[in-house]
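User: I have a structure here that I would like to go through with you. Could we take it topic by topic?

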Amino acid sequence: MSKHPILKVAVNVPLSREFDYLAPAHGAVPTAGQRVSVPFGRRQQVGMVTGHASASDVPAAKLKACVEVLDRDVLLSEADLWLIRFVSDYYHHPIGEVVAAALPGLLRLGKPLHPSIEKVAATELGASADLPALEKRAPKQALLLEALLDAGDDGLDAELATEMLPQWRRAAKGLVEKGLIRFFETLGDEFVDELASSRVPGPELNQDQQSALSTLRSSDHYGVYLLDGVTGSGKTEVYLQRVDDVLRAGKQALLLVPEIGLTPQLVSRLRDRLGVEPALLHSGLSDSARLAAWRAARSGAAKLLVGTRSSIFTPLKQPGLIIVDEEHDPSFKQQEGLRYSARDLAIVRARQLDIPVILGSATPTLEVLQHCRNGAYQRIVLPARAGGARAPSIRLVDTLRAPATDGISEPLAESIQGHLADGGQVLMFLNRRGFAPTLICSSCGHIAGCERCDSRLTVHAARQQLRCHHCGASRPLPENCGECGETVRPLGEGTERLEDSLQKRFPRAVISRIDSDSTQKKGAMAEALENAASGQADILVGTQMLSKGHHFPNLTLVGVVNADQGLFGTDFRSSERLAQAIIQVAGRAGRENRPGEVLIQTAYPANPFWEALIKGGYRQIAETALSERELTHWPPFTRLALLRSAAPRKADAHRFLLVARQYLASKSVDTLRVLGPVDAPMARKAGLYRAQLLLQSSDRANLHRVLRELRPVFENDPAARKVRWSIDVDPIELF
Ligand code: ADP
Ligand code: ZN
């Protein structure tokens with residue numbers, strides 16, 4: 001390599017290329033994996049060096065030098081950079097944006113790996129200040145001073161202060177002037193992987209679990225294992241033992257969980273059983289806590305890393321095992337920007353690192369099942385519930401014969417009554433939040449719709465608002481119809497209404513509603529789940545949020561209030577999704593000694609889906625769906641990519657995709673089917689018209705070849721400036 005190499009630098013801009021720079025005038029030449037600050041346009045940007053080159057297409061006179069090298073050490077290893085490059089190629093996404101997605105926020109902004117943290121604390125003078133007097137003159141200052149006095153000598157992270165009192169800096173200024181508080185900087189706390197003094201032993205594994213474990217132990221090299229175990233079959237127990245092996249061998253384990261799966265319950269179970277402190281990575285953390293966990297994974301200080309989808313990018317010093325729990329969960333796929341699947345990347349990364357990867361689910365995706373069928377992945381089955389628990393029984397309630405009032409039919413009400421009387425807990429599942437999904441005029445039939453979307457507005461009674469669940473718009477709840485002035489009424493039910501109606505029917509029951517409205521406040525979710533697990537709540541009412549992985553020991557009845565929307569979905573994955581949702585929520589019932597029961601309200605009890613599900617379970621549904629997909633050429637038998645565009649004018653959104661269509665037609669690629677452009681299922685959302693073009697091929701290489709060619713066509717198309725566009729490889733939401 002020459003003494004003055006050209007640096008290849010990935011910069012966080014939406015262009016599919018790296019940029020060439022000279023090394024800074026002084027000091028060592030940065031190497032791949034170090035961040036640099038580079039002049040870009042009129043500004044400076046943080047970039048990641050991805051490699052060196054001996055020549056550049058840019059004329060020497062125009063080549064600029066980096067301003068500064070930001071990292072003393074190499075931040076990302078060869079293996080980390082390999083993954084970034086893979087993601088950029090596979091998802092056809094600009095490499096600079098992939099780097100940005102892979103780094104914690106502070107590093108993305110150019111902050112050092114060990115940033116100092118801004119803190120604020122009360123001074124001695126502050127400790128003896130006359131608070132009541134201050135409160136009269138400057139109540140905001142008094143509030144802040146009080147919080148700092150509570151925090152003690154170590155003071156408060158500025159970041160935390162902002163969370164507690166958003167406007168605190170103005171008050172702080174006054175307090176500093178009076179000498180009552182001070183600012184200072186410290187280094188962030190290092191992650192301590194302290195061993196708990198005693199580990200809590202787990203249950204003895206049953207025979208199925210033992211044989212699963214011994215299969216998993218058969219190799220420390222690359223292999224994909226599907227742990228296909230019914231709900232409550234003790235999958236987590238098996239993971240725990242396998243993780244324990246890996247930790248004992250001095251290696252690290254990465255456990256990926258769905259967004260809502262990272263509960264205090266799981267974390268304390270891991271901590272108690274393994275005797276290590278798990279490093280957590282999820283969106284609820286402060287920036288510095290996130291960076292600390294990332295650093296600990298990279299340095300090897302943290303042995304067990306538990307995180308949601310983006311933690312798949314975290315560097316690991318001694319990787320030994322990756323687990324994806326609930327692999328079917330859609331939250332593993334990012335749905336905006338860089339649309340990656342963390343589940344798929346877990347497999348890619350494990351192969352590259354030559355370590356095993358375990359996918360766990362009671363309702364595996366058809367993609368994964370098909371890989372098991374053709375022998376690429378190994379399927380390990382846990383057919384029955386662990387310990388003494390039995391599978392719940394499932395029964396349908398025909399709502400044409402027994403109509404539901406405010407969401408609850410008589411048979412369901414009786415069943416609730418019975419379970420409550422026996423001291424059991426009840427879960428009512430309805431995947432629709434708010435009071436009612438529709439506000440309708442009793443006279444003219446007009447339905448309140450969103451002005452910016454093709455959607456109805458949801459009635460929220462507690463807030464007395466109409467809200468759009470697609471763009472977030474809201475307005476006060478009207479009493480009269482906007483069209484004819486007559487009275488309006490809410491139609492249908494959401495979780496809020498269901499909670500009301502249950503409270504009326506069961507006035508003495510403690511009801512807890514768990515959905516994204518009721519758990520917005522920090523800590524509200526954890527508290528609600530704690531109350532559910534401890535049995536303080538008699539009836540739980542909730543959305544999908546409640547169905548995932550939770551273990552509520554006392555829960556014996558699950559009611560599925562309305563599943564019928566799912567029966568007639570237009571997406572080819574509808575029946576797979578519906579079966580997953582029902583089996584998962586049903587799996588919350590009867591997890592300990594008392595048997596569980598599941599009641600499903602439907603107006604279509606004769607639909608063959610129900611018989612298949614009740615008689616054959618998820619397996620039957622999955623087998624049938626796989627055969628159908630093979631006949632109809634849908635994934636996993638073909639590969640898809642979805643091109644989306646959105647623009648203020650409908651014609652622009654369509655025209656942009658027509659360019660792609662014409663380009664593809666001119667190439668006449670084998671095996672490629674191009675469908676569209678068509679309107680997106682909700683054509684207008686947040687004021688933009690949306691269109692889509694679906695690419696389908698039985699040959700993955702072909703599909704990727706055309707996508708590779710299309711990306712620059714898009715980037716250089718003048719029409720691109722009028723639209724927002726994206727490429728979604730292996731999309732999971734089609735319609
Ligand atoms: P899953 O992850 O498959 O839903 P878990 O591992 O959470 O299942 O186990 C479900 C319940 O069964 C937990 O309460 C767990 O402690 C218990 N359990 C798991 N394995 C055993 C076993 N071998 N013997 C007794 N109880 C067990
Ligand atoms: Zn809207």
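Analyst: The discussion below covers a metal site, a helix and several salt bridges. Please note that this is a predicted model.

User: Which residues are the protein donors of the zinc ion (ligand 2)?

Analyst: The SG atoms of Cys 450, Cys 453, Cys 468 and Cys 471 are the donors, lying 2.3 Å from the zinc ion. In sequence, these donor residues follow the spacing C-x2-C-x14-C-x2-C. Cys 450 belongs to the loop between strand 18 (438-441) and strand 19 (458-460), and Cys 468 to the loop between strand 20 (465-467) and strand 21 (474-476); the two are 18 residues apart.

User: What is the geometry of that site, by its angles?

Analyst: The site is tetrahedral, with angles of 107 to 112° among the 4 donor atoms.

User: And are Cys 450 and Cys 468 buried or exposed?

Analyst: Both Cys 450 and Cys 468 are buried.

User: Changing topic: which residues of helix 11 are buried?

Analyst: In helix 11 (residues 264-274), the buried residues are Leu 266, Val 267, Leu 270, Arg 273 and Leu 274. They lie on the same side of the helix, because they cover an arc of only 150° around its axis.

User: What do they pack against?

Analyst: The buried residues of helix 11 pack against helix 10 (235-248), strand 10 (252-256), strand 11 (279-281) and strand 12 (304-307). Just after helix 11 comes Gly 275, which takes a positive phi of about 70°.

User: On to charges. How many salt bridges are there?

Analyst: The count comes to 41 salt bridges. One of them joins the side chains of Asp 228 and Arg 379, at 2.8 Å from N to O. Asp 228 is in strand 9 (residues 223-229) and Arg 379 in strand 15 (residues 378-382), so this pair ties together parts 151 residues apart in sequence. Asp 228 counts as buried at 4% relative accessibility, whereas Arg 379 is partly exposed at 34%.

User: What is the partner of Asp 728?

Analyst: Asp 728 forms a salt bridge with Lys 333, and their closest N and O atoms are 2.7 Å apart. Asp 728 lies in strand 30 (residues 724-729), while Lys 333 is in the loop between strand 13 (319-325) and helix 13 (342-353), 395 residues apart.

User: Why does Asp 728 count as buried?

Analyst: Asp 728 counts as buried because its relative accessibility is 0%. Lys 333 is buried as well, with a relative accessible area of 5%.

User: Which residues are linked in a network of salt bridges?

Analyst: Arg 217, Asp 220, Arg 242 and Asp 245 are linked in such a network.

Conventions:
Residues numbered from 1 in each chain as written. Chains lettered and ligands numbered in written order. Predicted model: local features only at pLDDT ≥ 70, side-chain atom pairs only at ≥ 80, totals over all residues. Heavy atoms only, no water. Donors = N, O, S within 2.8 Å, 3.2 Å for Na, K, Ca; no water. Tetrahedral: all angles 85-135°; square planar, octahedral: opposite > 155°, others 65-115°. Helix = DSSP H or I, 4+ residues; strand = E, 2+ residues; numbered from the N terminus. Buried < 20%, exposed > 50% of the residue type's maximum accessible area, 1.4 Å probe, protein only. Arc of directions from axis to C-beta. Contact = heavy atoms within 4.5 Å. Salt bridge = Lys/Arg side-chain N within 4 Å of Asp/Glu carboxyl O.
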